[in-house]
Amino acid sequence: MMPWTIRTWFNASVLIVTCFSPVVLSKGRLNVLFIISDDLRPTIGCYGDPIVKSPNIDQLASKSSVFHNAYAQQAVCGPSRTSFLTSRRPDTTRLYDFNSYWRVHAGNYTTLPQYFKSQGYTTMSVGKVFHPGIASNHSDDYPYSWSVPPYHPPSFAYEKRKVCRGDDGKLHANLLCAVNVTEMPLKTLPDMENTAEAVRLLKSVKEAGGPFFLAVGYYKPHIPFRIPQEFLELYPLENMTLAPDPDIPSGLPPVAYNPWADIRKREDVQSLNISFPYGPIPKDFQLRIRQHYFAAVSYMDAQVGRLLSALDELGLAEDTMVVFTADHGWSLGEHGEWAKYSNFDVATRVPLIVHVPGLTSAPQKPGEQAFPFVDVFSHSVRKFANGRAVREIVELVDLFPTLSELGGLKPPPPCPRSSFGVRLCTEGTSLARSVLSPHLRPNSEAIAYSQYPRPSDTPREDSDLPFLADIRVMGYSIRSCDYRYTLWVTFDPASFQANMTDVHAGELYLLRDDPGQDHNVYDDREHGRVLGKLSGQHHWTSTLTQHLLYFNSGSKAKGLL
């Protein structure tokens, strides 16, 4: 049994998050198309980004509820995906790296697709849905979660090979890897294959009949940026700018910094001879990284567009709920960081778009297309209306109960205090009411929980992704509408126990005046005095809740906001 000090760190949400009563849907059971992008921050048009061209996702958003404050529970692929697919937080899945399978090492938890499968749905997986390897039992959790064996594109085998033509004309394993697709092995790319397979599966379930749950995991914009070279044309290098806060904040604790080790392993980055751990990357190369990331987003958007268009053309759009999200974000030079591996918003915040036909949009008229493909290279790309904005802070663990309720199923019950022996329950909250009634006043006291492990108080080569046995510090973080607050505390990987009284470092960002989270005021005299008293609390729940209540009740009067 996991100790109370660890297992209940998230339960403060029970005190301050409004629970929604079940929502009755007139459409009954819906098919589900669940689209997951890898490493995608909300750098897309429907979230107000002025640079990135994402017309197909924007079109989906215009007919959906768009959650503007959705957060992952850990900013790395395996732990995040296992977390939201089981609706359990990392301290309950006991997965902080890629090297354990929750059914063996934590509990035999029912997954989101497994639950739909048990209710008569045909469940299918394409691309990266679960993290491959040990984290999903080398099977993508088949046959528990899926009706048919999951599909992985053959061309992914070349993703880390030397297929990127460098300035010297030779092939390299680079970070920046815009390619001529016809010159690639198999003359295609993984996400192109994913789309083709997903369309094939849609055709097959159309013929077979019956409800389906299709999860499609796109690999981009995950590195390397192996994308069709024409997408770079959308982002001329002379139009690129650096991150608005490219320097490491002076008050950032060393334990909080991610030294972007995976970026450093690429040949083109190695040739820059960047010092460890802080760099920096030369400014001209920073601009190229941002250019390639934006281009990768547009490439992924085109695949989403082809998939949605096929859903439409097959006559399935009217009966299919579409959900688009990502496993976590990605730093693009903010705070002097790249990649994910932190508790900052740029690493934990994700897009979350939920489309329920006839409910988040007007019913389709006869002969009308819901999602016609939009060519991003067309000079007449239309601008789409904003979707139904939801400003409340939500979490990816909310997906399981939300999709269940919106799909016409009974959502899983809330997890008890200790849930290792409970197969079906949720550590999230259904967002169905927010999806269907986004005009409701958001709960200003809602919070999201994230966490990140470190092997030491100072950056090491394995700081970004330490093995479980090497974790010594855990950064527990809460995000409210006003604050980002993080405590870095001692963590024992053998017992999965955190010592909340042994605080290594803290971060506190007041978001009204510091939305970029660049000025850590944790050690300011007034904040430090109060937080020092509160940090003596034994339980994570009481520690973080009391801190939050202090700021909500007292800081405005003290002129701190």
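Cys-415 and Cys-425 are both buried, where buried means under 20% relative accessible area, exposed means over 50%, and partly exposed is in between (1.4 Å probe, protein chains only).

A word on what you're looking at: this is a predicted model, in which local features need pLDDT of at least 70 and side-chain atom pairs count only at pLDDT 80 or more, while totals for chains, interfaces and linings use all residues. Residues are numbered from 1 along each chain as its sequence is written, and side-chain values use heavy atoms, with hydrogens and water left out.

The link of Cys-164 and Cys-177 is left-handed, at -95 degrees about the S-S bond. It connects distant parts of the chain: Cys-164 is in strand E4 (residues 164–165) and Cys-177 in strand E6 (residues 176–179), 13 residues apart. Helices (H or I, at least four residues) and strands (E, at least two) are DSSP runs here, numbered from the N terminus.

Cys-164 and Cys-177 are both buried as well. Counting bonded cysteines along the chain, the pattern reads 1-2, 3-4. Two further cysteines are worth a look: Cys-46 has a relative accessible area of 15%, so it is buried, and Cys-77 is buried at 2%.

## Helix H4, under cover

Cys-77 is one of the buried residues of H4. Helix H4 (residues 77–86) is mostly covered, with ten of its ten residues buried.

What do the buried residues of H4 pack against? They meet strand E1 (31–37), helix H5 (90–93), helix H6 (102–105), helix H7 (112–118) and H13. Just after H4 comes Ser-87, which takes a positive phi of about 60 degrees.

## Two nonpolar cores

A nonpolar core is a set of buried Ala, Val, Leu, Ile, Met, Phe, Trp, Tyr and Cys residues joined through side-chain atoms within 4.5 Å. The largest one has 130 residues, and those with the most contacts inside it are Phe-34, Phe-213, Leu-214, Ile-289, Trp-330 and Leu-403. H11 supplies the largest share of this core, 16 residues.

Take Phe-34: leaving aside neighbours within four places in sequence, its contacts (heavy atoms within 4.5 Å) include Phe-84, Leu-85, Phe-213, Leu-214 and Leu-403. There is also a second, separate core of 19 residues, with Met-474, Val-489, Phe-491 and Ala-498 among them.

## H8 alongside H11

Helix H8 (residues 190–208) and helix H11 (residues 283–313) pack at an angle of about 10 degrees, their axes 10 Å apart. That makes H8 roughly parallel to H11. Angles under 35 degrees count as roughly parallel, over 145 as roughly antiparallel, 65 to 115 as roughly perpendicular and the rest as oblique. The axes are lines fitted to C-alpha atoms, for helices over the stretch in contact, and angles run from 0 to 180 degrees between N-to-C directions.

On the H8 side, the contact includes Asp-191, Met-192 and Leu-202, and on the H11 side Tyr-299, Arg-306 and Leu-311. By class, the contact of H8 with H11 has eight nonpolar, two polar and two charged residues. Here Ala, Val, Leu, Ile, Met, Phe, Trp, Tyr, Cys and Pro count as nonpolar, Asp, Glu, Lys and Arg as charged, and the others, Gly among them, as polar.

Most residues other than glycine have a negative phi, and most peptide bonds are trans. The bond from Ile-223 to Pro-224 is cis, with omega near -5 degrees, and Pro-224 lies in the loop between strand E7 (212–218) and strand E8 (225–228). The bond from Phe-276 to Pro-277 is cis too, with omega near 5 degrees; Pro-277 is in the loop between helix H10 (267–270) and H11.

His-138 has a positive phi, near 55 degrees, and is exposed, with a relative accessible area of 63%.

Methods. Disulfide = S-S within 2.5 Å.
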